[in-house]
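The sequence and structure come first.

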Amino acid sequence: MTLSCFDLGEQMISVDEARQALATLIERPLGSESISLAQAHGRRLAATVQAPINVPQNTNAAMDGVALALPKRGVGAKQAHWPLAGEVLAGQYRRELVPAGHCVRITTGAPLPPGTDTVVMSEQLRESLDEQPAHVIIASPELLKHGQHVRQAGEDIAIGDTALPEGHGLMRRLWGF
Ligand SMILES: Nc1nc2c(c(=O)[nH]1)N[C@H]1C(S)=C(S)[C@@H](COP(=O)(O)OP(=O)(O)OC[C@H]3O[C@@H](n4cnc5c(N)ncnc54)[C@H](O)[C@@H]3O)O[C@H]1N2
Ligand code: MOO
């Protein structure tokens, strides 16, 4: 029989005891300080960060095409012909109400104008929006779903929600520089 180290009267401790012993080596509580984001890479958050804004900030189009003021039900809900009431490009706001049964040209990222709630991709329209038509024709209006191709304000992070919890590791990709 070979002699093992257990036979030498070694003092064994449990995993929990070992953890506690290690914990006493860590200086606690850790301090906190306010520093700029540029210095924050590799640090940890001392406090939870609550989102001060909605992400995305506005309800906006996920596709280039038209934003419809789609009636909830009844006449017009599945209409193919849609009069164009104007346009809103990414970076712009359009504050005028779009009447039910009308649409506006929209590009990806542009906030949906009041009255609209549904987007149809340009590929699913019969005419080119570049020709500035007076109305568009949707290729398959029976497939329309309320809210399609729309990103709701706050759907990624709602205002007031936890954006990053206390203790979260900080790395440059979180703030982009
Ligand atoms: N009707 C449709 N709409 C959309 C479709 C679709 O298939 N049909 N696809 C969707 C998808 S998926 C995406 S993703 C977005 C893409 O639209 P974006 O506006 O986000 O992107 P681009 O049109 O490619 O424009 C990017 C723009 O940025 C310039 N660029 C690139 N790198 C830089 C940089 N480092 N700094 C500054 N600018 C940069 C690039 O040259 C382009 O001009 O569309 C949906 N909609
Ligand atoms: O080309 Mo996209 O799929 O939203 O990044």
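In this predicted model, strand E4 (residues 81-88) pairs with strand E7 (residues 135-137) in the antiparallel sense, over three bridges. E4 is also joined to strand E5 (residues 103-106), by three bridges, and these two run parallel.

**Strand pairing**
- On the antiparallel side, between E4 and E7, Trp82 stands opposite Val136 in E7.
- On the parallel side, between E4 and E5, Val88 stands opposite Ile106 in E5.

**Nonpolar core**
- The largest nonpolar core has 19 residues, and those with the most contacts inside it are Val66, Ala67, Leu68, Cys103, Val104 and Ile106.
- Two or more residues of this core come from each of strand E3 (65-68), E4, E5 and strand E6 (118-121).
- Leu68, one of the residues with the most contacts inside the core, touches Trp82, Cys103, Thr116, Thr118 and Val120 when its neighbours within four places in sequence are left aside.

**Ligand 1**
- The residues surrounding ligand 1 are Met63, Asp64, Gly65, Thr108, Met121, Ser122 and Glu123.
- Sorted by class, this shell holds two nonpolar, three polar and two charged residues.

**Loop residue Gly31**
- Gly31 belongs to the loop between helix H1 (15-23) and strand E1 (49-50).
- Gly31 counts as exposed because it has 6 C-beta neighbours inside 10 Å, and the cut-off for exposed is 12 or fewer.
- Gly31 and Ala46 are 15 residues apart along the chain, and their C-alpha atoms are separated by 8.4 Å.

Technical notes
Residues are numbered from 1 along each chain as its sequence is written. Chains are lettered from A and ligands numbered from 1 in the order in which they are written. This is a predicted model: local features need pLDDT of at least 70, side-chain atom pairs count only at pLDDT 80 or more; totals for chains, interfaces and linings use all residues. A residue is near a molecule or strand if its C-beta atom, placed from the backbone, lies within 6 Å of it. Ala, Val, Leu, Ile, Met, Phe, Trp, Tyr, Cys and Pro count as nonpolar, Asp, Glu, Lys and Arg as charged, and the others, Gly among them, as polar. Helices (H or I, at least four residues) and strands (E, at least two) are DSSP runs, numbered from the N terminus. A residue is buried if 20 or more other C-beta atoms lie within 10 Å of its own, exposed if 12 or fewer, and partly exposed in between; C-beta atoms are placed from the backbone. Two strands pair if DSSP finds at least two bridges between them. A nonpolar core is a set of buried Ala, Val, Leu, Ile, Met, Phe, Trp, Tyr and Cys residues joined through C-beta atoms within 7 Å. Two residues are in contact if their C-beta atoms, placed from the backbone, lie within 7 Å.
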